[in-house]
Amino acid sequence: MRVLRVHLVGWTASFRYPIFVTGYQPTLPVPPVSTIYGLISAAKGEYVTPQDTKVGYVMRSDAKGVDLETIYMLSNDNSVKSNVYKREFLLNPDLYIYLTNLSFKEAFKKPEYSLLLGRSSDLIMVTEIKEIELIQKHGRKRVGGTVVPFCEEGIWGPLQALPMYFSNTIPREVIGIKPYYVLGDFIEYEGDSFLYDEELEWGVYIHG
Amino acid sequence: MNNIFTYTGNPFVDAGITAMLVWLGKEKPEDIEDYEVKNLIDEITDLYTKDGWNKIMYSIFPNSKLTNPSVKDKKGEYTKFLNELLSEVTVLGNGGNCIACGRRNYKRQFTKTQVPLTGTSDFINFFSYGKEGADYCSVCALAIQFSPLIFYKAGNLVCLQSNNKEAEKIYANKCKTFIDMQKATKNYTGCNDEGYTNPVNALFHLASDIILTYDRRDWQKDNTNIRLYYFTNFNQPPIDNLSIFDMPDKIFKFLAYALQHEEKDNWKKVIKRGYISTKKVNLEDEEKYKNLRNDVYERLLRGESILGYFVDTSERKTLVGWSFLEYYMKGVRGLEEKRLETIKRVSDDIAELIKAKGNVRRLTQLETAKTYGEFRNVLRLVIKDRINAGFERPLFTIDEYEKYLFPEGNLSWKETQDLIIFRLYEQLHNWLTGNEEIKEIVIGEESDNEIEKEELSYE
């Protein structure tokens with residue numbers, strides 16, 4: 001399968017667990033699929049959904065740290081209080097995204113909006129845009145740095161309910177919430193549900 | 001009406017579903033019927049309003065019908081709330097905006113009062129489009145109400161989640177037995193509490209329990225991750241009110257291997273060596289040490305080596321056998337077979353030479369080498385000894401040196417040193433302790449240590 005591979009790097013990233021609104025904000029080790037569609041939408045400057053392109057991704061980072069940050073809590077009586085939260089973040093995120101729609105090349109060459117991986121301070125930059133061939137490789141391969149739908153045979157890892165993307169309606173709604181295996185680390189996988197990036201020697205799960 | 005529940009990936013919803021499965025004796029979430037849930041509602045309202053349980057509800061559902069002091073008829077009001085949720089039950093659809101199942105739409109928003117760690121309506125900017133809570137469908141919110149049945153008390157509360165749903169059920173069965181006991185004795189004490197306050201120790205205890213409960217089961221075939229959400233949902237929580245502890249499948253498998261291995265008692269000795277304490281602790285009495293920090297457990301979870309705990313350097317002996325170590329190195333540390341084989345063969349050759357020449361000095365030098373350079377130098381001296389002693393086969397080839405002994409040079413040399421020392425102790429311990437003449441040399445070696453270091457220079 002011919003795909004567009006975009007390599008993005010940054011200093012920090014942070015992916016909230018959508019279910020926790022509490023004093024300690026842990027981060028997922030990799031972004032949910034909805035973050036990838038958000039990123040592509042920012043690059044394109046338009047609302048992008050799985051109907052526009054399927055996506056795969058592999059993300060790694062060097063370490064995890066904890067930030068103290070001031071938050072502002074808005075009540076329904078419009079009063080605002082500040083508080084301090086602890087928020088985990090990932091250091092040196094290194095993200096490869098794979099898009100089945102090759103026309104997005106121009107969007108990543110000159111992104112319309114800032115590209116972020118989490119908070120507004122988690123800026124990332126594009127370091128490479130390349131068209132490559134993802135092949136079907138049978139047998140054992142290394143897979144990880146991504147999320148994979150629950151019950152995919154031969155895959156295991158911590159589970160989390162995550163969205164696929166969001167609507168652009170008011171109010172915005174989550175679309176395609178389902179349980180995913182969150183593969184922070186790489187595992188050995190034998191099945192055929194992943195395509196293979198020969199150059200980087202890992203499997204790529206295509207969502208959408 | 002069936003097909004109302006499914007696993008969602010949300011830890012609290014899935015915990016509630018697992019609890020219902022175990023209480024109803026069902027296999028799959030999709031098998032649970034709504035009328036069966038109605039029967040369980042009576043059971044949990046009765047349980048949650050008992051004194052021992054009601055106290056715990058303050059840190060699960062604060063300000064709820066169960067805990068708010070202004071609510072006089074707690075049981076009646078909570079039953080009413082659960083029945084309201086039950087009346088809104090619909091079967092699973094193909095899509096929806098519930099943030100747990102994604103298969104139904106929400107009817108109302110929920111806050112920490114009904115769903116732990118979800119914040120309050122004072123956080124409206126944290127919820128989508130300034131709503132006053134999180135978008136859960138009534139079915140998922142209902143499932144969450146059953147999750148306390150299988151929470152575990154370890155200081156804060158623990159919600160256990162696993163990709164292996166059988167493992168979750170084994171754990172939930174244990175909680176059910178605990179609650180059945182409370183009912184039988186009419187002594188209601190709340191969630192399962194075995195006196196653990198250290199969540200890491202609790203994680204290893206629970207995983208061990210899961211493994212040993214079904215010890216005939218072949219855990220090696222499954223890939224089982226165990227995750228603990230360690231939390232408190234008090235109204236005024238501490239800032240660290242949530243921690244996540246993950247036991248990856250390779251650690252779970254290793255634990256299963258160790259606990260079912262003939263050397264399981266030796267493994268327990270290794271664990272006991274890991275407890276960190278500033279004062280002397282009675283290791284015969286588990287209650288005295290089980291909540292101390294354990295470096296073996298913590299290193300396993302951090303992905304660091306525990307090789308040092310497998311040897312007793314003061315006695316120059318190993319606590320486990322090579323086959324046990326081999327499983328650990330391959331299964332947990334990911335060492336390739338050929339590398340392990342090469343290290344074993346080289347160590348055996350060094351042991352043979354030390355025995356043949358009675359040269360304990362080389363063992364001391366290998367043990368005390370502090371840098372990659374020092375260690376390489378000792379190996380060079382061993383090679384010279386072998387040539388002088390007339391051994392024809394080289395200790396190792398250049399290829400073996402680069403590929404298997406020190407594949408990453410300076411980075412991995414310590415692990416190679418630890419493995420060589422382990423094997424040397426295993427091979428030489430009886431020889432070192434069983435021979436009076438050698439014993440004297442060993443004592444002499446210890447006092448000569450400083451002089452030995454001077455000899456260790458590059459030539």
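**Terms and their grounds**

Guide: This is a predicted model. The domain assignment of chain B gives domain 1 (11-231) and domain 2 (307-456). The centres of domain 1 of chain B and domain 2 of chain B, taken over C-alpha atoms, are separated by 53 Å.

Visitor: Why is Thr146(A) called buried?

Guide: The relative accessible area of Thr146(A) is 1%. Buried means under 20% relative accessible area, and Thr146(A) is therefore called buried. Thr146(A) lies in strand E10 (residues 146-149) of chain A.

Visitor: Is Trp267(B) buried or exposed, and how do you know?

Guide: Trp267(B) has a relative accessible area of 0%. The limit for buried is under 20%, so Trp267(B) is buried. Trp267(B) belongs to helix H9 (residues 264-273) of chain B. Not counting residues up to four places away in sequence, Trp267(B) touches several residues, among them Phe254(B), Leu259(B), Val296(B) and Phe310(B).

Visitor: How do you know that Lys86(A) forms a salt bridge with Asp240(B)?

Guide: The closest N and O atoms of Lys86(A) and Asp240(B) are 3.2 Å apart. A salt bridge needs a side-chain nitrogen of Lys or Arg within 4 Å of a carboxyl oxygen of Asp or Glu. The pair Lys86(A) and Asp240(B) meets this rule. Across the interface of chain A and chain B the rule finds 1 salt bridge.

Visitor: What else describes the meeting of chain A and chain B?

Guide: There are 13 residue pairs in polar contact between chain A and chain B, both residues being at pLDDT 80 or more. On the side of chain A that touches chain B, 24 residues are nonpolar, 7 polar and 6 charged. In terms of contact, 37 residues of chain A meet 44 residues of chain B. The area buried between chain A and chain B is about 3,400 Å², and carbon and sulfur atoms give 59% of this area. In chain A, Ile19(A), Val21(A) and Trp156(A) lose the most area to chain B, together 18% of what that side buries.

Notes:
Residues are numbered from 1 along each chain as its sequence is written. Chains are lettered from A and ligands numbered from 1 in the order in which they are written. This is a predicted model: local features need pLDDT of at least 70, side-chain atom pairs count only at pLDDT 80 or more; totals for chains, interfaces and linings use all residues. Side-chain values use heavy atoms; hydrogens and water are left out. Domain bounds come from an automatic or database domain assignment. Contact means heavy atoms within 4.5 Å. Buried area is the accessible area (1.4 Å probe) that two parts lose on being put together, summed over both. A polar contact is a pair of N or O atoms within 3.5 Å; within protein, one must be able to donate a hydrogen and the other to accept it, and residues adjacent in sequence count only if both atoms are side-chain atoms. Ala, Val, Leu, Ile, Met, Phe, Trp, Tyr, Cys and Pro count as nonpolar, Asp, Glu, Lys and Arg as charged, and the others, Gly among them, as polar. Helices (H or I, at least four residues) and strands (E, at least two) are DSSP runs, numbered from the N terminus. Buried means under 20% relative accessible area, exposed over 50%, partly exposed in between (1.4 Å probe, protein chains only).
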